[in-house]
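This briefing is meant for a reader who is opening the structure for the first time.

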Amino acid sequence: MIKKVTVVGAGHVGETVAQRLAEKELCDVVLIDIIEGVPQGKALDLSEASPIEKHDAHIIGTNNYEESAGSDIVIITAGIPRKPGMSRDDLISTNAGIMKNVTRQIATLSPESILIIVSNPLDAMCHVAYETSGFPKNRVVGMAGVLDSARFRTFIAMELDVSVENTHAFVLGGHGDTMVPLPRYSTVAGIPITELLSEDRIKALVDRTANGGAEIVKLLKTGSAYYAPASAAVEMAESILKDKKKILPCATYLEGEYGLKDLFIGVPVKLGAKGVEDVIEIKLTDQEQTALKKSADAVEELKELLKTLSF
Ligand code: APR
């Protein structure tokens with residue numbers, strides 16, 4: 001049976017996710033937004049590209065959640081970007097309100113779906129979606145590490161002038177500047193980059209990765225990255241739809257793994273038909289464990305802040 005994926009938020013990330021899902025012919029797509037006409041227009045435009053792109057995926061654009069009923073996966077990109085003069089607390093409470101509203105409707109109409117959260121601040125938004133949906137932890141997963149590790153891989157390939165396909169990169173932690181890239185588990189054709197690059201060069205690549213989102217915002221000036229975030233969300237969806245059981249770094253709900261509890265944070269997980277099928281625990285050095293704890297503290301701080309806000 002053809003799978004059905006709903007993408008909530010028909011902005012830059014959402015429209016690109018819809019395009020990639022359809023062009024890979026992974027599923028039918030329902031694109032939802034609150035702005036009237038926008039999801040309809042984008043879905044029609046994407047459909048009209050299908051004879052040339054050679055796929056038969058059906059793409060519907062709508063403002064009505066009823067059309068999303070029975071989705072296998074729901075990818076949530078809805079939210080607002082930070083506007084001038086807006087405090088971080090205002091942004092979090094607005095986006096948390098949007099996430100709550102979206103998740104409530106999705107949970108009613110697609111009670112068996114797997115939620116892939118993309119909206120920022122990612123780890124906190126995962127928590128809101130988890131609590132609002134009441135879904136088991138394996139069916140709420142956040143997109144962050146796949147994007148962060150793709151950025152790290154890109155920079156490693158640029159530095160060593162090799163194919164990106166030969167690179168593998170490991171990134172743990174929250175999505176943001178406290179993320180924890182792990183160079184000794186990052187490889188080129190199986191060779192750890194610690195064997196190929198000096199400590200200084202690795203540090204430069206790690207810093208660029210941790211600030212990867214900000215680098216794009218600075219260039220674009222009026223928006224944030226969307227091509228790579230969309231690719232990352234679609235890789236996760238593909239692993240679930242095809243039950244590929246890929247090991248990917250994703251934000252997942254931890255219950256003691258890595259010494260962390262009751263929070264969403266990025267760690268390697270196995271993604272298959274059931275969603276997060278396993279959390280892969282790797283041995284960390286003291287330094288890495290300390291960096292992960294620092295990242296978890298930053299996530300915890302946002303989670304506590306959420307409790308004090310009304311949304
Ligand atoms: N329901 C549905 N859609 C909504 C809602 C809502 N309640 N509120 C806002 N939206 C829609 C907006 O109308 C807009 O079309 O979400 C879309 C967001 O799109 P953009 O502003 O273009 O943002 P985008 O670049 O796609 O990023 C979306 O992903 O990577 C993260 O940080 C990024 O949180 C942001 C999200």
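In this predicted model, the ligand is surrounded by 18 residues, and the closest are His12, Val13, Asp33, Thr77 and Asn120. By kind, the shell around the ligand consists of 10 nonpolar residues, seven polar ones and one charged one. Two helices, α1 (12-23) and α3 (88-109), each contribute at least two residues to that shell.

**Contacts with the ligand**

- His12, one of the closest residues, has a backbone N or O atom 3.0 Å from an oxygen atom of the ligand.
- Val13 is also listed among the closest residues, and a backbone N or O atom of Val13 lies 2.8 Å from a ligand oxygen atom.
- A polar backbone atom of Gly79 is 3.5 Å from an oxygen atom of the ligand.
- On its own the ligand has 730 Å² of accessible area, and the protein covers 83% of that area.

**Cysteines**

- A disulfide is a covalent bond that links the sulfur atoms of two cysteines.
- With a cut-off of 2.5 Å between the sulfur atoms, the number of disulfides found here is zero.
- Cys27 takes part in no disulfide, and the nearest cysteine sulfur, which belongs to Cys250, is 17 Å away.
- Cys27 has a relative accessibility of 3%, so Cys27 counts as buried.

**A sheet of three strands**

- In general, the strands of a sheet pair through backbone hydrogen bonds, and the pairing is either parallel or antiparallel.
- The order of strands in this open sheet is β7-β10-β11, with antiparallel pairing.
- The edges are taken by β7 (167-168) and β11 (191-192); each has a single partner strand, so one side of each has no neighbour in the sheet.
- How many bridges join β7 to β10? Two bridges do so, and β10 (residues 187-188) runs antiparallel to β7.
- His168 has Thr187, in β10, as its bridge partner.

Methods: Residues are numbered from 1 along each chain as its sequence is written. This is a predicted model: local features need pLDDT of at least 70, side-chain atom pairs count only at pLDDT 80 or more; totals for chains, interfaces and linings use all residues. Side-chain values use heavy atoms; hydrogens and water are left out. A residue is near a molecule or strand if one of its heavy atoms lies within 4 Å of it. A polar contact is a pair of N or O atoms within 3.5 Å; within protein, one must be able to donate a hydrogen and the other to accept it, and residues adjacent in sequence count only if both atoms are side-chain atoms. Accessible areas come from the Shrake-Rupley method with a 1.4 Å probe; for residues, only the protein chains shown count as cover. Helices (H or I, at least four residues) and strands (E, at least two) are DSSP runs, numbered from the N terminus. Ala, Val, Leu, Ile, Met, Phe, Trp, Tyr, Cys and Pro count as nonpolar, Asp, Glu, Lys and Arg as charged, and the others, Gly among them, as polar. Buried means under 20% relative accessible area, exposed over 50%, partly exposed in between (1.4 Å probe, protein chains only). Two strands pair if DSSP finds at least two bridges between them.
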